[in-house]
Amino acid sequence: MVCKKPSFSTYSNYTLILIGVFMENVHSEMSAVVMPLKEWVITVVISLIPMVNFIMLLVWSFSDSINPSKKNWARATLIVFAIVFVVYLLFAFIFMGVLMSAGGLDSM
């Protein structure tokens with residue numbers, strides 16, 4: 001039994017479309033404008049304001065019109081926030097458990 005190899009024209013259209021889409025994404029990320037220092041300072045100052053920082057991080061993370069560098073930074077910051085929050089809850093539950101088992105909350 002001889003396996004027939006598909007002709008180049010069968011794959012060429014699909015391959016060219018996939019390569020075109022891939023190259024367009026690579027080109028758009030590579031051609032992104034570098035954010036100036038002034039914009040980074042404003043970004044960090046905004047991220048220092050409680051509650052505003054979380055809302056703005058969500059906006060920067062999921063908006064399509066944001067610079068890719070700022071978008072990646074916002075996503076990384078949200079991931080760090082989530083990890084710190086989970087660790088905080090873990091320690092809070094452990095601390096409360098230790099207090100309850102020692103009878104420290106019965107006198108309150």
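Let's start with Trp60: at 5% relative accessibility, Trp60 counts as buried. Keep in mind, everyone, that this is a predicted model.

So what does Trp60 pair with? The ring of Trp60 pairs with that of Trp73, with the centres 6.3 Å apart. The planes sit at 45°, so this pair is tilted. It also ties together distant parts of the chain, since Trp60 belongs to helix H3 and Trp73 to helix H4, 13 residues apart.

Now, how many aromatic pairs does a search of the whole structure find? There are two. The other one joins Trp40 and Trp73, and here the geometry is edge-to-face, at 5.9 Å centre to centre and 85° between the planes. Again distant parts of the chain are linked: Trp40 lies in helix H2, residues 37-47, and Trp73 in helix H4, 33 residues apart. Trp40 is partly exposed, at a relative accessible area of 26%, and Trp73 is partly exposed too, with 26%. Put together, ring pairs make a cluster of Trp40, Trp60 and Trp73.

Let's move on to the helices themselves. H3 covers residues 52-62 and H4 covers residues 68-102; their axes come within 8 Å and cross at roughly 130°. H3 and H4 are therefore oblique to each other, and their crossing is left-handed.

Who makes the contact? From H3, the residues include Phe54, Leu57, Leu58 and our friend Trp60. From H4, they include Trp73, Ala74, Leu78 and Phe81, along with Lys70, Lys71 and Arg75. By type, the residues of this contact divide into eight nonpolar, three polar and three charged.

Thanks, everyone, and I'm happy to take questions!

Terms used. Residues are numbered from 1 along each chain as its sequence is written. This is a predicted model: local features need pLDDT of at least 70, side-chain atom pairs count only at pLDDT 80 or more; totals for chains, interfaces and linings use all residues. Side-chain values use heavy atoms; hydrogens and water are left out. Axes are lines fitted to C-alpha atoms, for helices over the stretch in contact, and angles run from 0 to 180 degrees between N-to-C directions. Helices (H or I, at least four residues) and strands (E, at least two) are DSSP runs, numbered from the N terminus. Angles under 35 degrees count as roughly parallel, over 145 as roughly antiparallel, 65 to 115 as roughly perpendicular and the rest as oblique. A crossing is left-handed if the near helix is turned anticlockwise from the far one by less than a right angle, and right-handed if clockwise. Contact means heavy atoms within 4.5 Å. Ala, Val, Leu, Ile, Met, Phe, Trp, Tyr, Cys and Pro count as nonpolar, Asp, Glu, Lys and Arg as charged, and the others, Gly among them, as polar. Rings of Phe, Tyr and Trp (its six-membered ring) pair if their centres lie within 6.5 Å; planes under 30 degrees apart count as stacked, over 60 as edge-to-face and the rest as tilted. Buried means under 20% relative accessible area, exposed over 50%, partly exposed in between (1.4 Å probe, protein chains only).
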